[in-house]
Amino acid sequence: MPKRFYPETRWSWVEIDLGALRRNTSEFKKAMRPGVRMMAVVKADAYGHGAVRCAKVLHSSGADQFAVATVDEGVALREGGVEWPILILSEPPVDCVETLLRYDIMPTVYTEEFALAYGECASSMNKVGDYHLAIDTGMNRIGVKPVDLLQFRHFIDFHRGLRCAGTFTHFATADVLDDWDFALQANRFKEACKALHEAGYELGLVHCDNTPATVMHPELDFDMCRVGIGLYGLQPCELTAPRIHLDPVMSVRARVTRVVNPEVNEGVSYGFTYRVPKKNIQIATIPVGYADGLSRALSNRMEVIVNGARCRQVGRICMDQCMIAVDVNTARAINPTPPVEYGDLVTLIGRDGDDEITIDKMAEALGTINYEVACRFGMRLEKMYV
Ligand SMILES: *Cc1c(COP(=O)(O)O)cnc(C)c1O
């Protein structure tokens, strides 16, 4: 009988530890001031962790609202049964206004054209369109500049189809200690909110903290914090690590689909960038490739854990598969590498026994940040929730 494992259709998967997701959410609730709301950022399919499933767990652990990047992400949440407030973190194309209102998804607003089209559409549907106003306090990405704020609100506020449900900004340098640029953005935000308030405008929920600012700057919690990466157990920077304990939520695992014992000097994978250097090297294939988020740039530069031992990935990482080398020569050594068999469990990311390979380490090897590595593994691999 051939060996059978779950997932039946492909022996590679992303494992999502929902207990860790819950614990991380509680840690953030504890770090936030009492009464402050949590907007859980679940954009990019919850940073690769699966937005619908994660959103439900996040809500049951204390998240009040959800943030996504695109209209499609918002619709997917609604169709998956997520009933709580959803905000799109930038202003979507104007053609989306009807979809937004139909699905009750709040847009971020910073152009008059969009705001008025959204208000018009809301009125025609006998609704009031909630939106959040973005203020560009210095990052130069999105938002209304502080000097234009009062005029902007004056121009759109006559519209009865519009309601400001929130006012926010986003920091460019929240991950730097005692940063002058951060302080400047924070001050501009406070002054802008004060000016709007004094002019009689409704601000809705005021928010600016992302993960690092939630950890480092509770004085800037205002009404709500927008927490993303930290919920998934990943530290946004070295500064936050000593201040909040987080457990990684994502592991990436696979099973060996083939084992061969090639002759010395035989090549492995495209271009033969690896050649078998000696006798008794097993070459095992695992069904994970760059289309699954395992960057091809890691070819011959990463390790996996198999049967409690570290093994090198060898040869070029292909689109859907890659190979690892198991050195059976060490089988009689003090720390033996056991021979590998068809169906053996391989850990690419995560813990196996006492050993662990972190997303942070992989990101470092790639010259990128943990955010990107996590997102990429969400692309194609099946998710298993544990
Ligand atoms: C992505 C994003 C966040 C979350 O950032 P983290 O560093 O993951 O906490 C918050 N606010 C905005 C506007 C974002 O785009």
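An oxygen atom of the ligand is placed 2.8 Å from a polar backbone atom of Ile229, a polar contact being a pair of N or O atoms within 3.5 Å. The structure is a predicted model, in which local features need pLDDT of at least 70, side-chain atom pairs count only at pLDDT 80 or more, and totals for chains, interfaces and linings use all residues. Residues are numbered from 1 along each chain as its sequence is written, and side-chain values use heavy atoms, with hydrogens and water left out.

- Around the ligand are 13 residues (a heavy atom within 4 Å), of which Lys43, Tyr47, Thr211, Ile229 and Tyr371 come nearest.
- Lys43 has a polar side-chain atom 2.8 Å from an oxygen atom of the ligand.
- In the side chain of His170, an N or O atom is 3.4 Å from a nitrogen atom of the ligand.

**Helices H10 and H11**
- The axes of H10 (residues 359-366) and H11 (residues 370-377) come within 8 Å and cross at roughly 105 degrees; axes are lines fitted to C-alpha atoms over the stretch in contact, with angles from 0 to 180 degrees between N-to-C directions.
- H10 is therefore roughly perpendicular to H11 (65 to 115 degrees).
- Ile359, Asp360, Met362, Ala363 and Leu366 of H10 meet Asn370, Val373, Ala374 and Phe377 of H11 (heavy atoms within 4.5 Å).

**Backbone geometry**
- Most residues other than glycine have a negative phi, and most peptide bonds are trans.
- Asp45, which is not a glycine, has a positive phi of about 55 degrees and belongs to helix H2 (residues 43-48); helices are DSSP runs of H or I with at least four residues, and strands are E runs of at least two, numbered from the N terminus.
- The Tyr6 to Pro7 peptide bond is cis, with omega near -10 degrees, and Pro7 is in the segment before strand S1 (12-16).

Methods
Angles under 35 degrees count as roughly parallel, over 145 as roughly antiparallel, 65 to 115 as roughly perpendicular and the rest as oblique. A polar contact is a pair of N or O atoms within 3.5 Å; within protein, one must be able to donate a hydrogen and the other to accept it, and residues adjacent in sequence count only if both atoms are side-chain atoms.
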